[in-house]
Amino acid sequence: MTTTDFRLINWDLAASTAAKLSTAGPSLTEAEITTVVADLRRKAEASVEHVHRITGLAAAADLRDSQVLIVDRASWAKANTQSFEAMLAPAMETLAKTRGEKISEATQLLSATATGVEMGAILAFMSSKVLGQYDPFAGLLRADLPTGGRLMLVAPNIVAIERELKVDANDFRLWVTLHEQTHRVQFAAAPWLRDHLQSKIVELLASLLAEPEALGERLRAAASDVMRGAKALEKSVATAKDAEGIESGGVLSALRTREQKEILSHITAVMSLLEGHANVVMDAVDSSIVPTVRTIRQRFGGRGKDRGMVEKWLRKVLGLDAKMRQYADGQRFVNRAVKLMGMEGFNRVWDSAENLPSENELHHPELWVQRLDGTPDPSPLEG
């Protein structure tokens, strides 16, 4: 069996499913679309200087190895299927070479179809929620794409939220691009980070699929969680007990075993660091940069209470609320580390993979500071 014949995820089906299920977003004329696209490009460019000043990262001075794209919902979803495929390619190739013959064609077909449809549905849902995303893996897709990845701003979602919150569009767009450009700068400051993250994700996937004969059982377990939640929702009896049955980590938690916890813990810590750092940059913005920033923060932070039952359930299944808590942990870590070390000292986190915090250090920043400074820890904490 060749690697081209081996397929556990139907990426084309994921993209087409996402395109069919994605909605267009707010109604805009051609002239309005042109104006919004041009304005978001200007805001993305203007935000780099602020990120540079706040973070002190010299990498912000030159971002020519990456690109900024203004996209619609379907394009965002398709771009993500492409990036997932490129990111996971090494794992699929290894699996095909080492275990391809042990996984039946029927199992492959079941997995490829089910996972493709599920991923497409998830991306369609997410495509209406995401304001922007920095994709570091885009450079893996084709040789002609920028090696530094791409920053995508989802125009219809940004317009929809600024209208929903009734905030100043000029200020809101700059506020959003500050967060996303921070991610772009992070990977520019740590050019090793993309390959490091990919290797950990591939390692986790390889561990999940280490026993091919159990693959069908794993997929059914994940599907069972989704279906159970759907039935509870349909009957409108989603009690606290029902919610507890779907772990806070979302669908991935159904696939997790004890052997994968260490890898997953590391990935969680890294993602929390990245999002927490970007939130710190956003919080460093004052009214001299974004005049109505206090109003934006207040209204944007209060959006969660207005979510409907369907969205709340989907967020539970996908683990999105758990991710938000992780990002808050990351923000607390960065704030504390900067207070203890200063921004220049904190920026050592971008020097190498060895300087990344563990999940335990993320919750106890003093331990991370002690490790980097080489000072003894009088009372080690475990967790």
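Visitor: Leaving aside its neighbours within four places in sequence, which residues is Trp76 in contact with?
Guide: This is a predicted model, where local features need pLDDT of at least 70 and side-chain atom pairs count only at pLDDT 80 or more, while totals for chains, interfaces and linings use all residues. Residues are numbered from 1 along each chain as its sequence is written, and side-chain values use heavy atoms, with hydrogens and water left out. Contact means heavy atoms within 4.5 Å. With neighbours within four places in sequence set aside, the contacts of Trp76 are Val71, Leu123, Met126, Ser127, Val130, Gln133, Met152 and Val154.

Visitor: Which residues have the most contacts inside the largest nonpolar core?
Guide: A nonpolar core is a set of buried Ala, Val, Leu, Ile, Met, Phe, Trp, Tyr and Cys residues joined through side-chain atoms within 4.5 Å. Buried means under 20% relative accessible area, exposed means over 50%, and partly exposed is in between, using a 1.4 Å probe and protein chains only. The largest core here has 78 residues, and those with the most contacts inside it are Trp76, Phe172, Phe346 and Trp368.

Visitor: Which element gives the largest share of this core?
Guide: Helices (H or I, at least four residues) and strands (E, at least two) are DSSP runs, numbered from the N terminus. The protein has 16 helices and 3 strands. The largest share of the core is 8 residues, and they come from helix 3 (residues 73–99).

Visitor: In what order do the strands of the sheet stand?
Guide: Two strands pair if DSSP finds at least two bridges between them. The sheet is open, its pairing is mixed, and the order of its 3 strands is 1-3-2.

Visitor: Why is one side of strand 1 and of strand 2 left without a neighbour in the sheet?
Guide: Strand 1 (67–71) and strand 2 (132–135) stand at the edges of the sheet.

Visitor: Which residue of strand 3 is the bridge partner of Asp135?
Guide: Strand 2 and strand 3 (residues 150–154) run antiparallel, joined by 4 bridges. For Asp135, the partner is Arg150.

Visitor: What angle does the direction of helix 6 make with that of strand 2?
Guide: Axes are lines fitted to C-alpha atoms, for helices over the stretch in contact, and angles run from 0 to 180 degrees between N-to-C directions. Helix 6 (residues 169–189) packs on the sheet and touches strand 1, strand 2 and strand 3. Its direction and that of strand 2 make an angle of about 5°.

Visitor: Is Glu180 buried or exposed?
Guide: Glu180 sits in helix 6. Neighbours within four places in sequence aside, Glu180 touches Gly132, Gln133, Tyr134, Leu151 and Leu153. The relative accessible area of Glu180 is 8%, so Glu180 is buried.

Visitor: How does helix 6 stand to helix 12, and what is the term for that angle?
Guide: The axes of helix 6 and helix 12 (residues 293–301) come within 10 Å and cross at roughly 70°. Angles under 35 degrees count as roughly parallel, over 145 as roughly antiparallel, 65 to 115 as roughly perpendicular and the rest as oblique. Helix 6 is therefore, relative to helix 12, roughly perpendicular.

Visitor: How many residues of the contact of helix 6 with helix 12 are charged?
Guide: On the helix 6 side are Asp171, Phe172 and Trp175, which meet Val293, Ile296, Arg297 and Phe300 of helix 12. Ala, Val, Leu, Ile, Met, Phe, Trp, Tyr, Cys and Pro count as nonpolar, Asp, Glu, Lys and Arg as charged, and the others, Gly among them, as polar. The contact has 5 nonpolar residues and no polar ones, and the number of charged residues is 2.

Visitor: Is Lys166 buried or exposed?
Guide: Lys166 is found in the loop between helix 5 and helix 6. Its phi is near 55°, a positive value in a residue other than glycine. With 67% relative accessibility, Lys166 counts as exposed.
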